[in-house]
Amino acid sequence: MSFLRLEHVHKRFGSTIAVQDFNLEVQMGEFVSLLGPSGCGKTTVLRIIAGFEQPTAGTVHLQDQDITHQPPNRRRMGMVFQHYALFPNMTAADNIGFGLRVTGVRREEIRQRVAALLNLVQMPDLGNRYPHQLSGGQQQRVALARALAIQPQVLLLDEPLSALDAQIRVELRGEIRRIQQQLGITTIYVTHDQEEAFSLSDRIVVMNHGCIEQVGTPFEIYNYPATSFVARFVGAVNQLRCEVLDPHRGQLRCGNQLVTMPGPLALQTGAIATIMIRPEALQLGERGGANRLAGQVCAITFRGPLVRVQLHLDNSESLVVDTLNTRQLQLPQIGDQQLISFAPESVWLVNGGG
C-alpha cells in the first residue's frame with residue numbers, strides 16, 4: 001500500500017494549466033525525484049503536497065488519510081527551499097531548533113535533538129555560527145537539519161542545490177542521499193538537473209507541460225524512454241529519419257545506408273520513422289556491432305572522460321559518438337571519412353516513429 005498518493009491532481013492559475021491529471025504513488029522510505037524543464041509544474045506539485053497550494057481538482061493522501069485540505073502545519077512535512085531561508089539573526093543551532101520551540105518542545109529535548117542533527121549533517125562544532133559565517137553548502141546543511149528537526153513524515157526538497165557550485169553540489173547530494181537512507185524518510189525532490197535525479201533517486205517522475213511523461217527507475221528512464229520527449233530531455237540522443245524497408249526484420253534505410261533494429265516493427269514498408277541511438281552506444285570503427293554507418297567528421301569536442309565526435313552522414317543527417325577518453329585514444333581528423341558501428345539492440349523507435 002502506498003504511503004503518499006496523489007490522484008488526478010489538477011492545478012490551474014487563471015487560464016494557465018500548471019498541472020493536469022497528475023497521478024503518483026510513493027512508498028514509505030522511497031526517494032522520488034520530479035524532473036523536468038522550468039515551468040513544467042514540478043514545484044507546483046511539491047507545493048500541493050506541502051499544502052502551500054490547493055489543487056483545482058484531485059486529492060492528496062498520506063497513509064490513506066485525505067490531507068488535500070489540511071493546512072501545512074498539520075501535515076508533518078519538512079521543506080527545504082532553493083534559497084536557504086535561514087534566520088540571519090539566529091545561530092545555526094537556533095535555526096535548526098526553531099520549529100521545535102514553536103511547537104513547545106522542552107528545552108533539553110531541543111538541545112539534544114539539535115546536537116544530534118548537527119552531527120547528522122557533519123557540523124557538530126558549528127552550531128554557534130550565524131548564517132553569514134557559514135559557506136553556502138553549510139547553510140544548506142542547516143536548512144536540511146531544520147526540516148528534519150520536526151521529525152517529518154515526508155521530506156520535500158525544492159531544487160536545494162541549484163545555488164551551489166558544481167563540486168559542493170556533488171558532495172552535498174551524496175550527503176542528502178546518505179541522510180535519507182539512514183533515516184528511512186520518504187522524500188520528494190524537485191530538480192531540473194538530470195545527474196542529480198539519477199544519482200539520488202529510487203524512481204524519477206519526468207514531467208512536461210504539467211503532465212507526467214514517464215515514471216521509472218533511473219535505469220528505466222535512461223535506457224527505455226517511453227516518449228520522444230524523455231529520450232531528448234534525459235541525456236544526449238541521436239535522432240535519424242529513416243525509411244522502413246522490411247518491418248518484419250527491423251530493417252530501415254537512412255539515406256543510402258542500412259540500419260537494423262530488433263523487429264518486428266509496427267510500421268508499414270515505406271513508412272518514415274525516427275530512430276534514436278545514445279552517443280555512447282556508437283563506436284568508432286567496426287567493433288561496436290552489426291550496424292555500420294559512414295560519415296564525415298565535422299567536429300571533435302573534449303568533455304573530460306569522454307570525447308565527442310560529430311559526423312555528417314550522406315543524407316545531411318548528423319550524429320555524435322561519445323568515446324572513452326584514454327591516453328591511447330586514436331582520433332580521426334576533421335574532414336576524415338569515418339565508419340561507426342553499433343548493435344541493433346541499441347536502436348529504438350519512440351511511439352511507433354518518434
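Analyst: A disulfide joins Cys-242 to Cys-254, with 2.0 Å from S to S. This is a predicted model, where local features need pLDDT of at least 70, side-chain atom pairs count only at pLDDT 80 or more, and totals for chains, interfaces and linings use all residues. Residues are numbered from 1 along each chain as its sequence is written, and side-chain values use heavy atoms, with hydrogens and water left out.

User: What makes Cys-242 and Cys-254 a disulfide?

Analyst: The cut-off is a pair of cysteine sulfur atoms within 2.5 Å. Cys-242 and Cys-254 have theirs 2.0 Å apart, so the pair qualifies under that definition. The structure holds one disulfide.

User: Why is the disulfide of Cys-242 and Cys-254 called right-handed?

Analyst: The torsion about its S-S bond is about 55°, so it is right-handed.

User: Which parts does the pair tie together?

Analyst: Cys-242 lies in strand β11 (residues 238–246) and Cys-254 in strand β12 (residues 251–254), so the linked parts are 12 residues apart in sequence. Strands are DSSP runs of E, at least two residues; helices are runs of H or I, at least four; both are numbered from the N terminus. Cys-242 and Cys-254 are both buried.

User: Why does Cys-40 count as buried, and Cys-211 as partly exposed?

Analyst: Buried means under 20% relative accessible area, exposed over 50%, and partly exposed in between (1.4 Å probe, protein chains only). Cys-40 has 2% relative accessibility, so it is buried. Cys-211 has 25%, so it is partly exposed.

User: How do you know that Gly-263 is partly exposed?

Analyst: Its relative accessible area is 41%, so the label is partly exposed. Gly-263 sits in the loop between β13 (257–260) and β14 (272–277). Not counting residues up to four places away in sequence, Gly-263 touches Pro-247, His-248, Arg-249 and Gly-250. Contact here means heavy atoms within 4.5 Å.

User: What makes a set of residues a nonpolar core?

Analyst: Its members are buried Ala, Val, Leu, Ile, Met, Phe, Trp, Tyr and Cys residues joined through side-chain atoms within 4.5 Å. The largest such core has 34 residues, and Ile-96, Leu-144, Leu-148 and Leu-155 have the most contacts inside it. α4 gives the most to this core, with seven residues. Apart from it lies another core of 28 residues, including Ala-18 and Val-32.
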